[in-house]
Amino acid sequence: LPTPGTVEFKNVSFGYPGAEAPVLNDISFTAKPGQTTAIIGSTGAGKTTLLNLIPRLYDATEGEILIGGVPLAELGRDTISRNISAVPQRPYLFSGTIGSNLRFGAQNATEEELWEALKVAQADGFVAEREGQLDSKISQGGTNVSGGQRQRLCIARALAAKPSTYLFDDSFSALDVNTDARLRAALAEPTKDAAVIIVAQRVSTITGADQILVLDHGEIVARGTHEQLLETSETYQEIVAS
Ligand code: DGT
Ligand code: MG
């Protein structure tokens with residue numbers, strides 16, 4: 001890819017098949033490598049839908065999405081999955097071991113690399129305490145680890161794949177504020193050359209983002225840094241106050 005990592009939306013609209021109203025309207029933005037792009041907005045605004053268009057869970061109804069300068073339609077599934085790690089809003093673990101779950105997008109990762117990913121994801125502590133550690137069993141759906149642990153294991157899985165683009169859908173809101181802050185600080189180094197797109201509920205998660213997109217009813221109603229939006233966007237001020 002000419003510029004790996006870059007995600008560009010050009011006038012993208014989307015409606016779910018069979019649904020009447022479009023869920024996303026005329027979305028344009030560029031998420032650049034080395035930068036964090038945050039998306040914030042109320043429930044149902046379309047945040048998850050927007051992220052899901054990037055790995056082609058659905059295709060845009062209008063407009064175009066480019067990854068690394070190449071339209072999605074011209075990229076094979078393999079290229080897309082090799083370049084993008086997505087941590088979904090409801091993260092999922094497969095039956096197997098912690099190690100096999102972490103190697104999902106990184107078959108050749110060494111144990112050392114897996115522990116490094118776990119450390120960044122603030123998951124090394126509880127994995128070290130489990131009998132068998134990387135070989136400890138995960139049940140289907142990951143029901144034998146807590147929701148917060150599942151979320152951190154899925155973040156570690158995303159990191160182990162070393163992609164050029166990261167998509168985090170609300171991946172930090174289930175964490176307590178301190179773990180959230182530690183995790184995001186630890187992410188800085190391994191994601192420094194990647195484009196990072198974070199959907200967040202908590203403003204504190206994204207105050208340091210290079211750009212914040214405020215999504216409301218499927219439209220970007222404001223964009224800028226935290227400081228800029230505090231000055232310019234009533235919707236953002238309401239989110240901050242809530
Ligand atoms: P959240 O996660 O509660 O903060 O909400 P968002 O911002 O992630 O919203 P999203 O993208 O899940 O939903 C946007 C709209 O699209 C909302 O009206 C529900 C609708 N929607 C979501 N998923 C589907 C789907 O699979 N099929 C249909 N027909 N509609 C969907
Ligand atoms: Mg969502």
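Mentor: A residue is counted as near a molecule if one of its heavy atoms lies within 4 Å of it. Please keep in mind that this is a predicted model. There are 13 residues around ligand 1, and those that come nearest are Thr-43, Lys-47, Thr-48, Thr-49 and Gln-89. For some of these residues the side chain can be followed to an oxygen atom of the ligand: in Thr-43 an N or O atom of the side chain is 2.4 Å from an oxygen atom of ligand 1, in Thr-49 the corresponding distance is 2.5 Å, and in Lys-47 a polar side-chain atom lies 2.7 Å from a ligand oxygen.

Turning to the backbone, Arg-56 sits in the loop between α1 (47-53) and β4 (62-67), and this residue has a positive phi of about 65° although it is not a glycine. Asp-170, found in the loop between β9 (165-169) and α7 (177-187), is likewise a residue other than glycine with a positive phi, here near 60°.

Finally, consider a pair of helices: the axes of α4 (residues 111-120) and α6 (residues 147-160) come within 8 Å and cross at roughly 130°, which means that α4 is oblique to α6. On the α4 side the contact is made by Leu-114, Ala-117, Leu-118 and Val-120, and on the α6 side by Leu-153, Ala-156, Leu-159 and Ala-160. The residues of this contact divide into eight nonpolar, no polar and no charged, and the crossing in which α4 passes α6 is right-handed.

Key:
Residues are numbered from 1 along each chain as its sequence is written. Chains are lettered from A and ligands numbered from 1 in the order in which they are written. This is a predicted model: local features need pLDDT of at least 70, side-chain atom pairs count only at pLDDT 80 or more; totals for chains, interfaces and linings use all residues. Side-chain values use heavy atoms; hydrogens and water are left out. Axes are lines fitted to C-alpha atoms, for helices over the stretch in contact, and angles run from 0 to 180 degrees between N-to-C directions. Helices (H or I, at least four residues) and strands (E, at least two) are DSSP runs, numbered from the N terminus. Angles under 35 degrees count as roughly parallel, over 145 as roughly antiparallel, 65 to 115 as roughly perpendicular and the rest as oblique. A crossing is left-handed if the near helix is turned anticlockwise from the far one by less than a right angle, and right-handed if clockwise. Contact means heavy atoms within 4.5 Å. Ala, Val, Leu, Ile, Met, Phe, Trp, Tyr, Cys and Pro count as nonpolar, Asp, Glu, Lys and Arg as charged, and the others, Gly among them, as polar. A polar contact is a pair of N or O atoms within 3.5 Å; within protein, one must be able to donate a hydrogen and the other to accept it, and residues adjacent in sequence count only if both atoms are side-chain atoms.
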